[in-house]
Amino acid sequence: MKFDTIIIGGGLSGLICGIRLAEQGKKCAIITMGQSALHFFSGSFDLLGHADGKEVTSPLAVIPTLPAVHPYARMGIEAIKNQLKEVKPLLMRAGIKVHGAHETNHYRLTPIGVMKPTWLSLDDFTRFDNPTELPWKKIAVLNLAGFLDFHAQFIADGLTKLGAECTLAAFSLEELESIRRNPSEMRSSNIAKVFENEKTRAKLIEKIKAYTETSDCIVFPSVFGLFSPHAMEDFRAQIQKPLCLISAIPPSVSGIRTQLMLRQRFQELGGTYMLGDTVKEGVMEGDKVHHLLTHNHGDIKMQATTFVLSTGSFFSHGLVADPYSIFEPIFGLDVEGPCDDNRQKWYDEQLFNKQPYLAFGVSTDSNFKAKKDGLVIDNLYVSGSVLGGCDPLKESCGAGVSILTSLQIADEIVH
Amino acid sequence: MSEEKRKEYDVIIIGGGVTGTGTARDCAMRGLKVLLVERFDFATGATGRNHGLLHSGSRYAVTDNESARECIKENKVLRKIASHCVDVNDGLFVTLPEDDLNFQSIFVEACLKADIKAEVIDPKLARLLEPSVNPHLIGAVRVPDGSVDPFRLTMANALDAKRHGADLLTQNEVLEIIKDKASVVGIKVIDHYTGQKNSYYGAITVNAGGIWGHHIAEMAGINVNMFPAKGSLLIFGHRINKMVLNRCRKPADADILVPGDTISVIGTTSSRVPYDEIDHMSVTKEEVDLLIREGEKLAPSLATTRVLRAYAGVRPLVAADNDPTGRNISRGIVLLDHEKRDGVSGFITITGGKLMTYRLMAEWTTDLIGKKLNNHKKCKTDKKPLPGSDKDDPKVKELTAKIYSGHSMALKNAERRHGSLTGHIPMGDNYDDSLVCECEGVSVGEVRYAIKELHVKGLVDLRRRTRLGMGTCQGELCGCRAASFLCQQHGGASKAKDDLANFLQERWKGMYPVAWGETLNEIQFTSWIYEGIYGLHALNN
């Protein structure tokens, strides 16, 4: 099989790259095992939330101060500014509505009731402009009876600290009883499947409405709208009070939906999406990648002019650690990080301190072309969190790096 | 902080390990009024930091036949009184090509002398009985080894002590041993949860602090010469072996592989550590490498099995009184009557020994207390089953019926953990039956029962009672679910969030020495959720 570009990895980064290329007429394929970091999506994309332990208000003002190894520094501020303009329209063309702006971070309310700075939030989710003041006084934090993955008390605690008066309540719906009977089925994606039925959603709306008279806002787990992006509009129209959704323990309903919509957009543009497949081997010819072999396609060669590695970090198996080294498993690319192969240096003994292993990633040149044995591979680009050079947890920059490096690489490939 | 004098006891026991709780049980069963204080939680010291091996005694047969004899006796007792804490899997002592096969006959002879059934079997049969064993073995001996869950065993002793009227205080640390002239008359403690300091008075105070007993004795002005010996172990992500695997040679590093519940444990190393480091044990890279290297020789599949955690315990070894160098160290039971030894009355130290002989240690201690307090009741701890192993419990029948009509995996798991007490777990409706921890099958009902009945003050305690968070995800998803149940216990959600952060840190402590492969992937996922998405901090949430 022959393509213009083959992208390895179907997470946020791979999909954005594929869409951007396909929109410009390139024949692309994405090889993906299926799940990605989007499956535990918070509902918001971060650009740069923290730097040097301090909260960032204007990401563009801080990006130029980042160290040279940071993917943003490798891109350069001008390229970042150019690509930032493309993000919202691209998402919009995929049917994904977001609010927020790169000039100034807004805040999202986390599943334990904390405010965190972020860049773009899905339209279903509430955007807070002030992290220390809530627009409401009386808040009803509602849950479905027996749903353990939504931490109502923790959220109420956070809201109370911000001056709200919280009421906690849980209710059940007949339609959920069958999944409740199985001890491990009450998880957000299963519940969301039940709420794909419009009549059941209408019942849920009625239940929620019972609390609207006595409260200024309803907080509820994000457990509907798995395949229906417009479900939230119904809720808003009928509840008539602000409804603040919060993601539950993964799988994330909004994340699965976002991934599906990006995938659909990619396929509508003519992209080939090889779901459930993984790359076995990358075969080189000279200083170029010639073809890939995958598990599902046996000895059929996957050939392309350019390749993009968007395989994610450790939990996506884009990087692998054994007791002796951290390596890139498909091509054996050069991996660099803040320390050497002595595994004792990979971690800090305090879990909540900066963890050096998180900054490991594949070495590239300034155009994000991969390096192997110190030499640049001319037709292999690297995007997203397999890049390293940053700490997505301490800096809240994971989504931004995934999206922007992909767009940049797509432009490189097209021009 | 206010200070008040509380009621008086016959016996005050310091230390909530298996020896302390065992002694509390024995004393309470003989009608004594008992208080037990523990600075953290039950089984947090050496009790919970070993192989969990139900020794047959074979390991000591050649080097210390008397210990071996004690072991096999207690092994037989525990099978009866603690049936819900033990797994009777048997063990193999295997000879590998690099070992001396001549040792086998010496070993078998010593076992038989100690009354341990040791049977030489064909290596081919050994491979059939235990497929995980190194296929190149040249000799095998079958012995009555097994596994024992030390957390369960300790809790069962604590529960029985409570049933017989003992007061149990966890999170209460001794600040001072109160003396009246040359007599110990009580203790002053601080409650770590409330910050309150209290004094308690008792006729006899028992120092059952394990390695920390050195410090407790010091508080009474007494020197007990202890030598901390660190032993490190690794837990593997699933149960590789059915039988306990030992090397048939003189005891050395990493030569026992013990199956337990859902996992296997390899250990141990052995090294002296300075006394001031005993609260900060961590497993070194060299120890991890050695354990894997040696472990692979017993069961080659260890090489490709995920290492879940690493941990280390400190054995309380005691030097003979007249030997300050520590060369003459005993691994046997050490019972010190400080009245005789140091002229300090009302104070007893019980230390040394092993998990296997805890009951015997408790018996000896209680006999000595009885002599001093003129209580001549006989020890019955070897006859009366522990709570959980009591087949006469009226709830057992009902429970058995439920389990064998069998739909709930949580119920089956709970039965393994709580034995005949499982009937006390709320179950049967959708809420109580739903799973908090999917890896280990811990239900809402079990969590509620543990919080209510089993002295649970935080998530780490809950883990020891239920195995919540001990599975392959290491608390990644169940941590937050369970934390919500503890809001009331902590007096608020903020503290419960801090407790969650502390629980994750505690899980990480056992993961970082083996942080590669799936273990590193798992912790990245955990950090991503809790720090990235949730915005949880180490403190002040």
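Let's start with a strand pair in chain A. Strand β3(A) is joined to strand β9 of chain A, residues 120-122, by two bridges, and the two run antiparallel. Within that pairing, A:S44 sits opposite A:S121 in β9(A). One caution before going on: this is a predicted model.

Now widen the view to the sheet. Three strands of chain A make an open sheet, ordered β3-β9-β6, with antiparallel pairing. Which strands stand at the edges? They are β3 (44-45) and β6 (98-99) of chain A. Each has a single partner strand, so one side of each is left without a neighbour in the sheet.

Next, a hairpin, also in chain A. Strand β22, residues 369-372, and strand β23, residues 375-382, of chain A pair in the antiparallel sense over three bridges. Here A:K371 is opposite A:V376 in β23(A). Two residues lie between the strands of this hairpin. In the turn, A:D373 has a positive phi of about 50 degrees.

Chain A as a whole. It carries twelve helices and 23 strands. Its radius of gyration is 22 Å, close to the 22 Å that the globule rule gives for 415 residues, so chain A is as compact as a globular protein of that length. Along the principal axes, its C-alpha atoms fill a box of roughly 70 × 45 × 40 Å. Of the 415 residues of chain A, 53% count as buried. Now the contacts in chain A between residues at least 6 apart in sequence: 68% of them join residues at least 24 apart.

On to the core. In soluble globular proteins, nonpolar side chains tend to be buried together. The largest nonpolar core here has 296 residues. Which of them touch the most other members? A:I6, A:V219, B:V11, B:V34, B:V436 and B:A482. Take A:I6. Leave aside its neighbours within four places in sequence, and A:I6 is in contact with A:A29, A:I31, A:L292, A:M302, A:A304 and A:F307.

Last, the contact between the chains. How many residues does each chain put in? Chain B gives 42 and chain A gives 39. On the side of chain B that touches chain A, at least two residues each come from α13 (430-433), β22 (435-437), α16 (478-485), α18 (493-511) and α19 (517-533) of chain B. The most come from α19(B), with eleven residues. By type, that side of chain B divides into 22 nonpolar, 14 polar and six charged residues.

That's the tour.

Note on methods
Residues are numbered from 1 along each chain as its sequence is written. Chains are lettered from A and ligands numbered from 1 in the order in which they are written. This is a predicted model: local features need pLDDT of at least 70, side-chain atom pairs count only at pLDDT 80 or more; totals for chains, interfaces and linings use all residues. Two residues are in contact if their C-beta atoms, placed from the backbone, lie within 7 Å. Helices (H or I, at least four residues) and strands (E, at least two) are DSSP runs, numbered from the N terminus. Ala, Val, Leu, Ile, Met, Phe, Trp, Tyr, Cys and Pro count as nonpolar, Asp, Glu, Lys and Arg as charged, and the others, Gly among them, as polar. A nonpolar core is a set of buried Ala, Val, Leu, Ile, Met, Phe, Trp, Tyr and Cys residues joined through C-beta atoms within 7 Å. A residue is buried if 20 or more other C-beta atoms lie within 10 Å of its own, exposed if 12 or fewer, and partly exposed in between; C-beta atoms are placed from the backbone. Two strands pair if DSSP finds at least two bridges between them. The radius of gyration is taken over C-alpha atoms; the globule rule is 2.2 Å times the number of residues to the power 0.38.
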